[in-house]
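Please consider the sequence and structure shown below. The briefing that follows covers a metal site and a helix packing.

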Amino acid sequence: MRIPCPFCGPRDLSEFAYLGDAAPVRPAETSDATAVFDYVYLRANPAGPHRERWYHASGCRLWLTVTRDTRTHEVLFAEEAAP
Amino acid sequence: MRFSFLSIAREALRGNRGWTPHWRDAEPKAAYDAVIIGGGGHGLATAYYLAKNHGLTNIAVLEKSWIGSGNVGRNTTIVRSNYLLPGNIPLYELSMKLWEGLERDLNYNAMVSQRGVLNLCHTDAQRDAFARRGNAMRLHGVEAELLDRKAVQRMCPFLDFDNARFPIQGGLLQRRGGTVRHDAVAWGYARGASDRGVDIVQNCAVTGIRIANGVVEGVETTRGFIAAKKVAMAVAGSTSQVASMAGLRLPIESHVLQAFVSEGLKPLIPGVITFGAGHFYISQSDKGGLVFGGDIDGYNSYAQRGNLHVVEDVAEEAMGLMPMTGRLRMLRSWGGIMDMSMDGSPIIDRTPIDGLFLNAGWCYGGFKAIPGSGLAYAHLIAKGEPHPAATALRLDRFRTGHLIDEKGQGAQANLH
Ligand SMILES: Cc1cc2nc3c(=O)[nH]c(=O)nc-3n(C[C@H](O)[C@H](O)[C@H](O)COP(=O)(O)OP(=O)(O)OC[C@H]3O[C@@H](n4cnc5c(N)ncnc54)[C@H](O)[C@@H]3O)c2cc1C
Ligand SMILES: [Zn+2]
């Protein structure tokens, strides 16, 4: 598997670290425990395209949002993660 | 048909023409008292114990492919009960005890081989942690032995004891652990369940779960609707997919784990050995091949095959532990899809939907748990309350904070 880093070009998987699903958004500090539970633990875990966070640790050291098909590992799209 | 010394001798003389299929390949009926989704180890064992222990025989196991095509036929076959936490030990030890009597119970040769599981330690801190785990096991009535370096040297002289980075200091040994022929576990339970009247339906994928007023009514399948008052999920890596048919979102991610087999060798490794300075485990099959594996690839996957960075990592660990493996040729490698729960421990519980049950989150370790999990899940389905050995394995523990944080790692190590 290679990830086409928008800054470094296509690079081997071993240069990246994985954080997981990009969908969960940290709830506001005033949120109740249910929102935090949902954010920390619950996942859609789709079989198909998945938007996920990767860190280009041995490259540009930027966080990327990668869209990848979990059934085939085909990388469909990679962009810089919105800050 | 029962297996005995006599029947084997008779068939040997008759050219083995008298054997019959081991289980009925059933057609689905329109309705059952209960259906189990998933014909892996857990689903088949659950069906067997439902029939045997609870007299529930009007039940079916629905398998989308052929039985044993999932993780039960893809794992590295290691069985053990050397866990640390009180929430986990009882179930794995129940399982270990069932393994010990399984072949007589099923009248089926599952090649249960208690050749021992040795976890190696490489630092003082790790040895202390092993002493603690061994003590926890003994407090639960599970035997454990802490070995010093000399004792490990006597058992496994071929290891790299003076590796510059990871010298071997000793190990924690569970002699009752070992390996079991994985396919035979699926076949043996299928045969036992089928003999008691359970329908094993292959090529029947569940595509929907029918629910009315919060109560389950049955399942939509590729072979039509099947009504059932109780529906029990046991679909391992597909758990999130099947649970989403009932509108459930679970604390589970699917990840790929790879396994490797070398060419056949003369007897070399006495039992199962695990490397403590990484994640690597190795044993030798009865055919002679070295069977080994390492960590999950580390990203969500349903692909049943992994990537080369893990192959490299596993090969490095093999070399760090047993330098002689550098001369070995690899025969095969493959992957399976793990249902990684967020705390690394399993779930055997009811769901918020009446009549719908969940068995999932087995991560790397669900093969060893098959007999115990099947027995405990059958108990839950039949009686509506958790089996005493599985009271901690609740779905709501993530919400209430009662995590079972055995190794501090689930799908991702940063979550708890
Ligand atoms: C490479 C590897 C090595 C491992 N090593 C070990 C080990 O050494 N020791 C250990 O204890 N554990 C090990 N494990 C883990 C263990 O194999 C699993 O935890 C366990 O087998 C999972 O339970 P199961 O047998 O019921 O799963 P499976 O055999 O995967 O059964 C689930 C079944 O559900 C079916 N299914 C899915 N969706 C549907 C649907 N919609 N409708 C109908 N059927 C469906 C699937 O086809 C599948 O047959 C390993 C796993 C892998 C992949
Ligand atoms: Zn980059």
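**Zinc site in chain A**

A:C5 has a relative accessibility of 4% and therefore counts as buried (under 20% relative accessible area; exposed is over 50% and partly exposed in between, with a 1.4 Å probe and protein chains only). The model is a predicted one, in which local features need pLDDT of at least 70, side-chain atom pairs count only at pLDDT 80 or more, and totals for chains, interfaces and linings use all residues. Residues are numbered from 1 along each chain as its sequence is written, chains are lettered from A and ligands numbered from 1 in the order in which they are written, and side-chain values use heavy atoms, without hydrogens and water.

- The zinc ion (ligand 2) is coordinated at 2.0 to 2.4 Å by A:C5 (SG), A:C8 (SG), A:H56 (ND1) and A:C60 (SG).
- The donor residues of this zinc ion follow the sequence spacing C-x2-C-x47-H-x3-C.
- A:C5 belongs to strand β1 (residues 2-5) of chain A and A:C60 to the loop between β4 (49-55) and β5 (63-69) of chain A, so the pair ties together parts 55 residues apart in sequence.
- A:C60 has a relative accessible area of 26% and is partly exposed.

**Helix packing in chain B**

- Helix α3 (residues 89-106) of chain B packs against helix α9 (residues 370-383) of chain B at an angle of about 110°, and their axes are 7 Å apart.
- α3(B) and α9(B) are therefore roughly perpendicular to each other (angles of 65 to 115 degrees).
- The residues of this contact (heavy atoms within 4.5 Å) comprise eight nonpolar, three polar and no charged.

Methods
Axes are lines fitted to C-alpha atoms, for helices over the stretch in contact, and angles run from 0 to 180 degrees between N-to-C directions. Helices (H or I, at least four residues) and strands (E, at least two) are DSSP runs, numbered from the N terminus. Angles under 35 degrees count as roughly parallel, over 145 as roughly antiparallel, 65 to 115 as roughly perpendicular and the rest as oblique. Ala, Val, Leu, Ile, Met, Phe, Trp, Tyr, Cys and Pro count as nonpolar, Asp, Glu, Lys and Arg as charged, and the others, Gly among them, as polar. Donors are N, O and S atoms within 2.8 Å of the metal (3.2 Å for Na, K and Ca); water is not among the atoms, so sites may look incomplete.
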